[in-house]
Every structure is written in structure tokens, then in C-alpha cells.
Amino acid sequence: MDLFQSMKVFAKVAEIGSLSGAARALDMSNPSVTRHIGDLEAYLNARLFNRTTRRLSLTEAGSDYLERCRQLLQDLEEATLAAGSSAAKPTGTLRISAPVSFAVNHLGRVLGEYGQRYPDVALDITLSDRMVDLVDEGFDLAIRISRIRDSALVARQFASARSMVCASPSYLKKQGTPRVPEDLASHTCLSYSYQATRGEWHFSRKGKTHIAKVKGTINANNGDLLREAAIAGMGIIVQPSFIVADALRSKTLVPLLTDYDMASLPIYAVYPSRRHLSAKVRTFVDFLLERFGENPEWERNLPA
């Protein structure tokens, strides 16, 4: 059995919706196409198509397999091109998972530049703060703002962001300004759902750790919402500089506890470990590093 040829036949049948149409497109006989589909179903021990006299449709297993199959065939094509040329041209669809706030506030602004450089790459971007499974869900690359614990993935840091404590002038006028982390216990603090240490904000100063116990009226899984709630005077937030930078520059938010440090947030491009890295992934990772790098725009000209 020629597995890749059978996969190619399967993808073409799924695309056209008929065995005979796929046979014509591939310049093969109808029995050959039928044999490849049968061999592939036997190999997978799963039915890929529902067949009637008038209709051919993918089963649930077939639909799931099709996405992986297309990706593997595309990777094979790119690997073949790369073997013949060290400067393989990036082509095909690049599936990316990215955090919502980072993508909306910063990634979207630079995609046009990448598209101009590599017009043969189509970007399919899913926004989610969830930790997706790149392999099982068929993503080529993910942007993650956290420490990487999965050793099966390749992680390349292309930027970082500071964690910043801030509140609106109206809130501080009514409730006062915290001078030390322990003061936060008497303030309304707005929490981010995916924060690793729920109910606690960790600070350091001169080698000493300070843990502030916090509580408040809002808990949300989106940093932009929390920023807007803080601007409206609803409480104090801790958010990455890439979310609050514009608000700090416009003075709708005020930085707090600036004498204390919080853990910085590394920003990674993450992709599955492969012997042959596709040109589309390689160029996009290089582009992120070039475009953001050591001095990203969200860290510039912030108030002290």
C-alpha cells in the first residue's frame, strides 16, 4: 500500500465529492481510486465515506482525518521543495492559535506586512486564551504567553511583557493609592481567570517576596475587559504591558507599586518538533522576532 498516494486520492475524492470525478482529476481509473479508498479504510480500520447510489459524504472520522491528511500532504510537498532548494518558497495555509488580547491589540497590525512579503501563504488564525493541543487540533504554530512545559514542542521567545499594576485616577481619588503590596487587601482588585495564582499577586523587592491577598467584584478571562473596567473606576488590575500601554500613555490608567517587581511574561512562538521545519512556519517565526524583538512597541514611552 502506498499510504501517501492513498491519502492524496482520499483528499481529492473529499474535495470533489465523487470517485469518478477524483479519478478524472488524478488521471486514474475508477477501480484504482476505489481500491485506494478501500485500502486506506482498512489501514485505519475506519469508514471514511458514507456511500449511497447518488451521494458520497464524509463520515465524522473521515472529516477529522481529512484535516490531518491535508496538513501532512502539504508538509510533504514543502519538505520535497526544501530538499531541492535551501530557500523554499513559503506556500499553503498557516494555521495559528493566538491569545485574544495580544492578537487584537498587536498581531493584527502587522499581518499585512507578512502578507506582502509572502503572498502565497494564507493565514488561518484562531483566537483563544485556551492552551490548544497543536498536533491533535491541527495547528502549525501557537503564540503563548507563559512558561512552556511541553518538551515535545519547540518554543522560540520573540518578545516579553511586564506585569503592571494599575488603576484609574477616579478610583484612586475615591479609594486612595496603595503604597505597598499589603495595602491591596483593602482594595477592590479585578482578577484574570487564567492567572496561575488566583487570589494572590506576587511581588518582589530587594530579594524579598511579597504576596498580596486580593479580592474583588469582577473575575474575567479577558484582559481587555478588565482594562476597560479599571478605566471605568471599578478597581485595580494586574495586566501585561501590551494590554495597558495605551491607557497608561493616555493617563486613563495610572501605574501603581512601581518600586516593586512582578514576574515578566515571556512571549513564545511554539510549534511541534519536526526534522524539517516548513518554510511558512520558519518565515512567520522569524517575522515575529524581527517585528517585535527586544524592544516591542508596548514597552516604549511608558510612564515611570
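Author: Let's start with Asn45, which sits in the loop between helix H3 (30-44) and strand S1 (49-51). This is a predicted model, in which local features need pLDDT of at least 70 and side-chain atom pairs count only at pLDDT 80 or more, while totals for chains, interfaces and linings use all residues. Residues are numbered from 1 along each chain as its sequence is written, and side-chain values use heavy atoms, leaving out hydrogens and water.

Reader: What makes something a helix or a strand here?

Author: Both are DSSP runs numbered from the N terminus: H or I over at least four residues gives a helix, E over at least two gives a strand.

Reader: Why is Asn45 called exposed?

Author: Its relative accessibility is 72%. Exposed means over 50%, buried means under 20% and partly exposed lies in between (1.4 Å probe, protein chains only), so Asn45 counts as exposed. Asn45 also has a positive phi of about 55 degrees, although it isn't a glycine.

Reader: Which loop holds Leu257, and is Leu257 buried or exposed?

Author: Leu257 is in the loop between strand S13 (254-256) and strand S14 (265-272). With 8% relative accessibility, Leu257 counts as buried. Leu257 has a positive phi too, near 50 degrees, and it is not a glycine either.

Reader: How do you know how far to trust the prediction?

Author: Look at pLDDT, the predictor's confidence in each residue, from 0 to 100. The chain averages 87, and 93% of its residues reach 70 or more.

Reader: What makes Ser163 and Gln239 neighbours, and how far apart are their C-alpha atoms?

Author: They are 76 residues apart along the chain, yet their C-alpha atoms are separated by 5.5 Å. Ser163 is found in strand S7 (residues 163-167), and Gln239 lies in strand S12 (residues 237-240). They also make contact, which means heavy atoms within 4.5 Å. Leaving out residues up to four places away in sequence, the contacts of Ser163 are Val238, Gln239, Met262, Ala263 and Leu265. On the same terms, Gln239 has a list that includes Ser163, Tyr192 and Val244.

Reader: Are Ser163 and Gln239 buried or exposed?

Author: Gln239 is at 4% and Ser163 at 18%. Both values are under the 20% cut-off, so both residues count as buried.

Reader: What does the side chain of Ser163 reach, and what makes that a polar contact?

Author: It reaches the backbone oxygen of Ala263 at 3.1 Å. A polar contact is a pair of N or O atoms within 3.5 Å; within protein, one must be able to donate a hydrogen and the other to accept it, and residues adjacent in sequence count only if both atoms are side-chain atoms. The 3.1 Å distance falls within that limit.

Reader: How do you know when to call a pair a salt bridge?

Author: A side-chain nitrogen of Lys or Arg must be within 4 Å of a carboxyl oxygen of Asp or Glu. A search of the whole structure finds 18 salt bridges. One of them pairs Arg109 with Asp246, whose closest N and O atoms are 3.9 Å apart, so that pair is within the limit. Arg109 lies in helix H5 (residues 100-117) and Asp246 in helix H8 (residues 241-249), so the bridge ties together parts that are 137 residues apart in sequence. Arg109 and Asp246 also belong to a network of salt bridges with Arg249 and Glu297.

Reader: What about Arg156 and Asp286: how far apart are their closest N and O atoms?

Author: They are 2.8 Å apart, again within 4 Å, so this counts as a salt bridge. It links Arg156 in strand S6 (residues 153-161) to Asp286 in helix H9 (residues 279-291), 130 residues apart. Arg156, at 33%, is partly exposed, and so is Asp286 at 32%.

Reader: Which residues pair up between helix H3 and strand S1?

Author: Glu41 forms a salt bridge with Arg51, with 3.3 Å between the closest N and O atoms. Glu41 is in helix H3 and Arg51 in strand S1, 10 residues apart. Glu41 is buried at 13%, whereas Arg51 is partly exposed at 39%.
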